[in-house]
Amino acid sequence: MYFELASSMIVTVQYSPRIDCHLEFDTKLLATSNGRLKWCLQELNNIEEFAIHICSHFLTTHKQVVHVTVNIDESPWKRIQQKGVDHAHAFILTPDVTRFCCVTQARGEEPMVSGGLKEMQILKTTQSGFEGFCKDKYTILPEATDRPFSTKVYCQYKFDTTKGVDFSSCWNFVKNTILEEFAGPPDTGVYSPSVQNTLYKAEAKILGSIPQIGCVEMVMPNIHYFTVNMAPFGMAKKDEILMATDKPAGMIKAALSRNPVAKL
């Protein structure tokens with residue numbers, strides 16, 4: 001038998017019943033957690049639509065529920081290969097990036113949807129610098145015009161509207177935009193004067209390309225690679241051996257949103 005497995009999901013559901021449900025302490029008003037596997041019988045186009053479906057289920061089935069929040073993490077799997085042949089039923093988790101979403105919906109209102117990616121660790125060995133920054137008497141970081149650039153990307157974007165949105169296309173565009181702004185063209189690359197600059201350019205391109213997204217937030221902590229002093233071992237310094245460290249390091253974080261539209 002040939003099984004298909006594209007991804008695995010962690011689904012977290014939190015719902016808020018009316019306050020009288022707690023005061024009356026009537027178990028008939030409490031929704032149970034078992035039986036939720038039936039959700040998986042729904043056609044899953046993407047995790048955002050699945051989360052919207054779960055919100056709708058609680059609000060339409062349980063009249064005492066007034067608010068629902070659904071968080072989903074999705075991790076990719078691929079078939080194990082043996083001598084170039086895909087295995088029929090064995091897979092390996094390949095978490096180069098985790099896709100996630102959050103959907104909240106209150107009774108009588110439209111769902112509020114956000115998507116994103118996290119745990120995407122990336123590295124380029126050159127074409128990165130950091131100079132001319134503010135200094136004081138405690139500053140010990142030297143200026144650099146050529147250094148490795150490594151980070152673990154977190155990005156969350158929030159939709160102002162879901163009308164006409166292809167959630168998977170949006171997610172792929174966001175991921176590819178971050179990688180393109182970070183790496184540049186494959187033959188030449190692109191110089192990054194700072195992590196902040198690369199982060200901002202990615203956010204600006206996302207907002208400029210997907211009109212339904214109203215806000216995008218990214219976190220790109222520095223993962224420094226320092227040159228190891230090989231002199232004690234009788235070896236010349238050639239910047240060939242580097243040591244990765246995440247402390248001390250800057251936690252680079254920024255959010256970019258559209259100007260609010262006046263309602264009057």
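The dialogue below walks through several local features of one predicted model.

Biologist: Before we look at single residues, what should I keep in mind about this predicted model?

Modeller: Residues are numbered from 1 along each chain as its sequence is written, and side-chain values use heavy atoms, with hydrogens and water left out. Because the model is predicted, local features need pLDDT of at least 70 and side-chain atom pairs count only at pLDDT 80 or more, whereas totals for chains, interfaces and linings use all residues.

Biologist: Which residues does UniProt list for "binding site"?

Modeller: UniProt positions are given in the numbering used here, feature names are shortened, and annotations may be inferred rather than shown by experiment. In this case the unreviewed UniProt entry lists F130, R147, V195, Q196 and N222 for "binding site".

Biologist: Where does F130 lie, and which residues is F130 in contact with?

Modeller: Helices (H or I, at least four residues) and strands (E, at least two) are DSSP runs, numbered from the N terminus, while contact means heavy atoms within 4.5 Å. F130 lies in the loop between β5 (112–124) and β6 (149–159), and, leaving aside neighbours within four places in sequence, F130 is in contact with L141, E143, A144, R147, P193, S194 and Q196.

Biologist: How should I read the span of helix α3?

Modeller: The expected span of a helix is 1.5 Å times one less than its number of residues. Helix α3 (residues 167–183) has 17 residues and reaches 24 Å from its first C-alpha to its last, which is close to the expected 24 Å. Among its buried residues are F167, C170, W171, V174 and I178, and the buried residues of α3 pack against α2 (47–61), β4 (98–106), β5, β6, α4 and β7 (213–221).

Biologist: What is found at the start of α3 and just after it?

Modeller: A polar contact is a pair of N or O atoms within 3.5 Å; within protein, one must be able to donate a hydrogen and the other to accept it, and residues adjacent in sequence count only if both atoms are side-chain atoms. At the start of α3, a side-chain oxygen of D166 comes within 3.3 Å of the backbone nitrogen of S168, and just after the helix G184 takes a positive phi of about 80°.

Biologist: Which residues other than glycine have a positive phi?

Modeller: Among them is E119, with phi of about 60°, found in strand β5 and partly exposed at 44% relative accessibility. Another is Q127, whose phi is near 60°; Q127 is found in the loop between β5 and β6 and is partly exposed at 27%.

Biologist: Which residues does T98 touch?

Modeller: T98, found in strand β4, counts as buried at 10% relative accessibility. Not counting residues up to four places away in sequence, T98 touches D73, E74, S75, G116, L117, K118 and E119.

Technical notes
Buried means under 20% relative accessible area, exposed over 50%, partly exposed in between (1.4 Å probe, protein chains only).
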